[in-house]
Amino acid sequence: DAPVAFHGEHQAGIVTPAQDRLHFVALDVISKDRAELARMLERWTNAAERMILGAEAAPGGLVGGGPHKVPQDTGEAYGLPASGLTITIGFGPSLFDDRFGLANRKPVALQKLPAFRGDRLEAHRSGGDLCIQACANDPQVAVHAVRNLVRLGFGVVSVRWSQLGFGRTSSTSTSQTTPRNLFGFKDGTSNVKAEEPDALAEHVWVQPQDEAGAGAWMTGGSYLVARRIRMQIEVWDRTNLLEQEQVFGRGKQEGEPLGETKEFDRLDLDRTGPDGKPLIPTTAHVRLAHESQLGGIRILRRGYNFTDGTDGVGHLDAGLFFIAFMRDPRRQFVPMQRALAAKDALNEYIVHTGSALFACPPGTEPGQPWGRALF
Ligand code: HEM
């Protein structure tokens, strides 16, 4: 649980081995003053640099400001270790409307996502001018980080929606074992991993040639797509094993491609069974999402399980908070989700209830606030 480096070419929290807990928040800017927004980002950077080390949000800590001042840190993470905390920020498409004179800095790839078949998006779980993704191995540490940044943004931003996640549903490094999602399947087997620099350059980091003009500041950054995907847990739990495995195209226990024996055996989409039918069905999730079906595109998945109580009619409000990072959502998430929305056998068991897109700027150097290149 050692601290994760804050500074670098890219923001932490993208290829960082996925931690176990998430607190994600989307915010709207309520101030009309661009300078005030830039000052808040400076305060956020200073606080984040401290918090990822396990320190309080400001040097005054809990009591250093004296009895008549509001404490500079809310206190609930005092004494807890760094817990692998990372804080990653992003800018939504709506930040680039006329309000702050940023329209001429809007990256071409930052276009609001289109509607997809089957979407049941709720406005209070979608969109946002800014986002903060806090990941840590202790939920208290992640929640503390978000809470203190929101406090430092008082009068400048207001919370639009937020999501807690309690178990990673992806591995982003070959050093990690593959976790499971709430359908009980291994998730993240065939993800883009930190140890694949060429794949990261091709699929995750924005390259200099991608954004010649307005969005040149995004070089070294990445686009974050968030989708709150509700799972029909009760329906799934009455579905037999054969159907469950056919939905994904992988085995439930080992996570092997159907017809193989081990998790990392090659996924051969051409293999057929004795009846001449493909072993991995034409509607299987892993077939439709596979790069060979999508002109070679891949994404880095970094989602979390969630359970937000019950829905009031006897069901768990549970699912997968899907987060993915990519170089250009128009060329990656959009065609991939279109293909899944059209045919994926999984659609019978899930529904997308929230959606957002953010441009996560590149990393910072010491003394340089988040988003310096933009403001
Ligand atoms: C693979 C589950 C939504 C993209 C997988 C695998 C599972 C899974 C179990 C196989 C293991 C692996 O390779 O990671 C789910 C569940 C979802 C969901 C339960 C919703 C609740 C999505 C969405 C997308 C997506 C929305 C993108 C639009 C992928 C990709 C792969 C994958 C790219 C790897 C395919 C390959 O190359 O083999 N998913 N997934 N998934 N999923 Fe999903």
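Guide: A polar side-chain atom of His285 lies 2.9 Å from a nitrogen atom of the ligand, a polar contact being a pair of N or O atoms within 3.5 Å. This is a predicted model, in which local features need pLDDT of at least 70 and side-chain atom pairs count only at pLDDT 80 or more, while totals for chains, interfaces and linings use all residues. Residues are numbered from 1 along each chain as its sequence is written, and side-chain values use heavy atoms, with hydrogens and water left out.

For Ser190, a backbone N or O atom is placed 2.9 Å from an oxygen atom of the ligand; for Thr189, a backbone N or O atom lies 3.0 Å from an oxygen atom of the ligand. His285, Thr189 and Ser190 are listed with Gly188 and Arg301 as the closest of the 27 residues that surround the ligand, where a residue is near if one of its heavy atoms lies within 4 Å.

By class, this shell comprises 15 nonpolar, eight polar and four charged residues; Ala, Val, Leu, Ile, Met, Phe, Trp, Tyr, Cys and Pro count as nonpolar, Asp, Glu, Lys and Arg as charged, and the others, Gly among them, as polar.

At least two shell residues come from each of β6 (222-231), α6 (285-288), β9 (316-326), α7 (333-343) and β10 (350-360). Helices (H or I, at least four residues) and strands (E, at least two) are DSSP runs, numbered from the N terminus. The helix α7 gives the most to the shell, with four residues.

Terms used: Polar contact = N/O pair within 3.5 Å; in protein donor to acceptor, adjacent residues only side chain to side chain.
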